[in-house]
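Work through the exercises below with the sequence and the model open.

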Amino acid sequence: MKRAPLCTTAALLAALLALPFALSLPGAPAPVRPAKGFANSIDMKLVLVPAGKFQMGAPAGEGGRGAEGPVHEVELTQSFYLGAYEVTQGQFQKVMGTNPSWFSPTGVGKGQVAGLDATALPVENLTWEEASTFCRKLSALPAETRAGRAYRLPTEAEWEHACRAGTTTTFGLGATLGVNEANFGNRVRRPEKVGSYKPNAWGLYDMHGNVWEYCADHYEDGYYAKSPKKDPKGPIAGGPVVRGGGWEVEARSCRSATRSYASQARYYAIGFRAACTTSRAR
């Protein structure tokens, strides 16, 4: 039997050792990959939103377009987690000890939720400051601190990236939005239980309709013309940005690109969802 030349054998061995999956070396750390999602200590479910580039804004011909141009490429350089659902009244009560919601058992709209489990409805009628405080207090819970989780409101760019979920259509669910896909058009006349409709491709529910959602940014009409291409944070002054539309508006106001701002401190169709950064979301 002919033997392989020593130089060939050595080269082959070197190549095998260079492949991380070829040999299992004792004590070698396994690669750390971010989890696709998790449930935290208050049973809030979050899903991974991958880093990447997308086209932000609406083209000139898109119906309902306001201060949503020009369309511009945005790159988010870090992945993050985002609540699969809008923050519920039950979760807000658990962290804050209060429930400001209009449509709650003690709210002005209590007659419209009589007999319902309001804890599963999105919290609304809260201020931007209260939403931000919720995120800080959630971050400070012992279980969240041990897990290294920091909660915050998503930036406007993060929100639109998550809503689009890789799509370029008017809505993250397609070219149109039907009544069986979201709560809009004032049909129900109140928010519905979170997760009542199908999620988008990344597992996020109610990105269109139900309640508008606070973002970390402040609003400025012409901001897109000067927005940074990487990880834009938005202007530092102006009303808080809200995205996604609510139960009380028509479909054109629930588009992926729709942007508006909170013109009053409290409104019965504005809520939020929490973003989370951990050492494993890269």
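**Exercise 1. Find the residues with the most contacts inside the largest nonpolar core, and say which elements supply the core.**

Solution. Step 1: a nonpolar core is a set of buried Ala, Val, Leu, Ile, Met, Phe, Trp, Tyr and Cys residues joined through side-chain atoms within 4.5 Å. Buried means under 20% relative accessible area, exposed over 50%, and partly exposed in between (1.4 Å probe, protein chains only).

Step 1: the largest such core has 41 residues, and Met 44, Phe 92, Phe 134, Tyr 151, Tyr 214 and Phe 272 have the most contacts inside it.

Step 2: β2, α2, α3 and β7 each supply at least two residues of this core, and α3 gives the largest share, five residues. Helices (H or I, at least four residues) and strands (E, at least two) are DSSP runs, numbered from the N terminus.

Step 3: apart from this core lies another, of 22 residues, which includes Phe 80, Met 207, Val 241 and Ala 275. In soluble globular proteins, nonpolar side chains tend to be buried together.

Step 4: take Tyr 151 and leave aside its neighbours within four places in sequence; its contacts (heavy atoms within 4.5 Å) then include Phe 38, Leu 46, Cys 135, Leu 138 and Ala 274.

**Exercise 2. Decide which parts of the model can be read in detail.**

Solution. Step 1: the model is predicted; local features need pLDDT of at least 70, side-chain atom pairs count only at pLDDT 80 or more, and totals for chains, interfaces and linings use all residues. Residues are numbered from 1 along each chain as its sequence is written, and side-chain values use heavy atoms, with hydrogens and water left out.

Step 1: pLDDT is the predictor's confidence in each residue, from 0 to 100. The mean for the protein is 89, and 87% of its residues reach 70 or more.

Step 2: residues 1-32 have pLDDT below 50, and beyond near neighbours in sequence this stretch has four contacts in the model. Where pLDDT is low, the predicted coordinates should not be read in detail.

**Exercise 3. Describe how strand β2 (residues 45-49) is placed.**

Solution. Step 1: four of the five residues of β2 are buried, so this strand is largely enclosed by the rest of the structure.

Step 1: look for partners, where two strands pair if DSSP finds at least two bridges between them. β1 (residues 37-39) runs antiparallel to β2 and is joined to it by three bridges; Ala 39 has Lys 45 in β2 as its bridge partner.

Step 2: β1 and β2 form a hairpin with five residues between them, and Asp 43 in the turn has a positive phi of about 60°.

Step 3: β2 is also joined to β5 by four bridges, again antiparallel. Here Leu 48 has Tyr 81 in β5 as its bridge partner.

**Exercise 4. Give the strand order of the four-strand open sheet and identify its edges.**

Solution. Step 1: the order is β9-β8-β7-β10, with mixed pairing.

Step 1: β9 and β10 each have a single partner strand, so they stand at the edges and one side of each is left without a neighbour in the sheet.

Step 2: β8 (residues 240-243) and β9 run antiparallel and are joined by three bridges, with Tyr 261 in β9 as the bridge partner of Val 241.

**Exercise 5. Classify two aromatic pairs and locate their members.**

Solution. Step 1: rings of Phe, Tyr and Trp (its six-membered ring) pair if their centres lie within 6.5 Å; planes under 30 degrees apart count as stacked, over 60 as edge-to-face and the rest as tilted. By this rule there are ten aromatic pairs.

Step 1: the ring centres of Tyr 85 and Tyr 205 are 4.7 Å apart and the planes stand at 25°, so this pair is stacked. Tyr 85 lies in the loop between β5 (80-83) and α2 (89-96), and Tyr 205 in the loop between α5 (156-164) and β7 (212-218), so the pair ties together parts 120 residues apart in sequence. Tyr 85 is partly exposed, at 26% relative accessible area.

Step 2: for Trp 102 and Tyr 268 the centres are 5.1 Å apart and the planes at 90°, so this pair is edge-to-face. Trp 102 and Tyr 268 are 166 residues apart.

Step 3: ring pairs link Trp 102, Phe 103, Trp 247, Tyr 267 and Tyr 268 into a cluster.
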